[in-house]
Amino acid sequence: MEQTLAGQAALVTGSTSGIGLAIAQFLHRAGAKVMLNGFGSAEDIAAARASCGDAPYSGADMSKPGEVRAMVAEAEAAFGRLDILVNNAGIQFVSAVEEFPEAKWDAIIAINLSSNFHAIAAALPGMRSRGHGRIVNVASAHGLVASPFKTAYVAAKHGVVGLTKSVALEVAEAPITCNAICPGFVRTPLAEAQVAPLAAKHGVSEEVALKQHLLAKQPSKRWIEPDEVARMALWLVGPDSGGVNGAALSIDGGWLAA
Ligand code: NAD
């Protein structure tokens, strides 16, 4: 892979699994130094670090503002700079709004939305002073349109798109960009976990639940792969995307076209 990010440093939240891990691996292969973050077994974290060039790791909990901000400071201290921030950590919970547990609402808003705010606020001063910055927030198709039973997730992801636009305007004259990626259903543990409950709910096989229910809104009727999202992120943090700012880029097999 072309070393388009040689000499740069990146922090990817929620990068022990799924989309975040794929993004971290692509940034590493493009020459960036990457700090990983997220939960998982010691073996999974060690494997993720090894796949990104023995990358440093922060166990910061994205539901805790102080830990988010300390993680950004840790990355700057480790690398002496932070050029790229990818806010990716996220969780999902599916329930009717009347029964939606308050604790789940609070956790989703904190991890999927507020952590982005805290990380951006902590990273921007350094980006401004060094004269370079790329911020990518992993939102969702659910940042642009809604589905039922996902109130917290849809609210948080719409918030991420709004946060992205507002930050983009604040940095518009600086050599910094802030954009959102809006994936449809991506083959990761977060989305795959939704298949079995749908199969049980509708009394169908998991294959039918996937095609007819989970992917009902995704016209391609196939999973987006984590590497496809990572390639979009790689382009957004690279040297050719400086004119793209405040965008919410869809990668959803045609979902938003319908
Ligand atoms: P995943 O479950 O594979 O990965 C989530 C990552 O976030 C993991 O590394 C996990 O450890 C980390 N994480 C969760 N809670 C955390 C916390 N409190 N502190 C630190 N890290 C935490 O899921 P994924 O599908 O790769 O999701 C990544 C992002 O992509 C999320 O923001 C998700 O909303 C978004 N997204 C996913 C899909 C999809 O279909 N998979 C679609 C659109 C958007």
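Buried here means under 20% relative accessible area, exposed means over 50%, and partly exposed lies in between, using a 1.4 Å probe and protein chains only. The model is predicted, so local features need pLDDT of at least 70 and side-chain atom pairs count only at pLDDT 80 or more, while totals for chains, interfaces and linings use all residues. Residues are numbered from 1 along each chain as its sequence is written, and side-chain values use heavy atoms, leaving out hydrogens and water.

Most residues other than glycine have a negative phi. Phenylalanine 149 is not a glycine, yet its phi is positive, about 70°. Phenylalanine 149 sits in the loop between strand 5 (133-138) and helix 5 (151-170); helices are DSSP runs of H or I with at least four residues, strands runs of E with at least two, both numbered from the N terminus. Its relative accessibility is 41%, so phenylalanine 149 counts as partly exposed.

Aspartate 54 also has a positive phi, near 55°. This residue is in the loop between helix 2 (42-51) and strand 3 (57-58). Aspartate 54 is exposed, at 59% relative accessible area.

Next, a helix pair. Helix 3 (residues 65-79) and helix 4 (residues 102-130) pack at about 30°, axes 8 Å apart. Axes are lines fitted to C-alpha atoms over the stretch in contact, and angles run from 0 to 180 degrees between N-to-C directions. The two helices are therefore roughly parallel, the term for angles under 35 degrees.

How values were computed: Angles under 35 degrees count as roughly parallel, over 145 as roughly antiparallel, 65 to 115 as roughly perpendicular and the rest as oblique.
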